[in-house]
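This report describes selected loop residues and their surroundings. Please consult the sequence and the structure shown here alongside the text.

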Amino acid sequence: MDEVRIDKYLWSIRCFKTRNEATVACNGGKVKLNGSDAKPSKAVRIGDTIVVRKGIIQLSYKVIQPVEKRQGASSVSLYAENLTPQSEYDKLRSPRETFFFKRDPGTGRPTKKDRRQMDDMMSGFDSGWDFSGEDIDTEDPDDEDM
C-alpha cells in the first residue's frame, strides 16, 4: 500500500476516536498535510508531515507507513512518528484564568446590588476589559494639538 486517505489514516493511528471525527476535522481546516489544508480524501504517503489542531494543542506526526485498519496503541509507532514538542502537551496542564459567576437556578436576573458587587469584584482584576459599560477615553490628556 503506497497511499491512504488522510481521514482513514488519522483514525488508524488513533488520533481520532472515529473516522467521522477525522473527516469533520479535515473539513474544518484543523488538519494540515505538508503545510497546506487537507481535505478528507487527500492521499497520505511515506514521509509526509501531518499537523492536527485539537483544542489548544497542535499534534504533529510524520508518516512512516500508510495504514488503513485501526491499530493497537502499542503498534502505532510502527506507522507514525509523533513529532509533537513537549511544550504543546504542557498547554493541557496550564491553569485557565476564567471567571464564572454561579447563580442558583430560578433566581432570575441580577439586581442592581448584585451587579455592583460583580463590578467591584471584577475591578480588582486588570484584564483589559471594561465591564462598566462606559466608553473608554483613548486620547492622551497631554496632547494639545486641537
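Arg14 counts as partly exposed, at 42% relative accessibility; partly exposed covers the range between buried (under 20% relative accessible area) and exposed (over 50%), with a 1.4 Å probe and protein chains only. The model is predicted: local features need pLDDT of at least 70, side-chain atom pairs count only at pLDDT 80 or more, and totals for chains, interfaces and linings use all residues. Residues are numbered from 1 along each chain as its sequence is written, and side-chain values use heavy atoms, with hydrogens and water left out.

Arg14 is placed in the loop between helix H1 (6-12) and helix H2 (19-27). Helices (H or I, at least four residues) and strands (E, at least two) are DSSP runs, numbered from the N terminus.

| Residue | Phi | Relative accessibility |
|---|---|---|
| Arg14 | about 70 degrees | 42% |
| Asn34 | about 55 degrees | 46% |

Asn34 belongs to the loop between strand S2 (31-33) and strand S3 (36-37).

Arg14 is also among the residues touched by Gln71, together with Ser12, Val76 and Tyr79, when residues up to four places away in sequence are not counted; contact means heavy atoms within 4.5 Å. Gln71 lies in the loop between strand S6 (57-63) and strand S7 (80-82) and is buried, with a relative accessible area of 15%. Between Gln71 and Ile13 the C-alpha to C-alpha distance is 6.1 Å, although they are 58 residues apart in sequence. A polar atom of the Gln71 side chain lies 2.8 Å from the backbone oxygen of Lys69.

Technical notes
A polar contact is a pair of N or O atoms within 3.5 Å; within protein, one must be able to donate a hydrogen and the other to accept it, and residues adjacent in sequence count only if both atoms are side-chain atoms.
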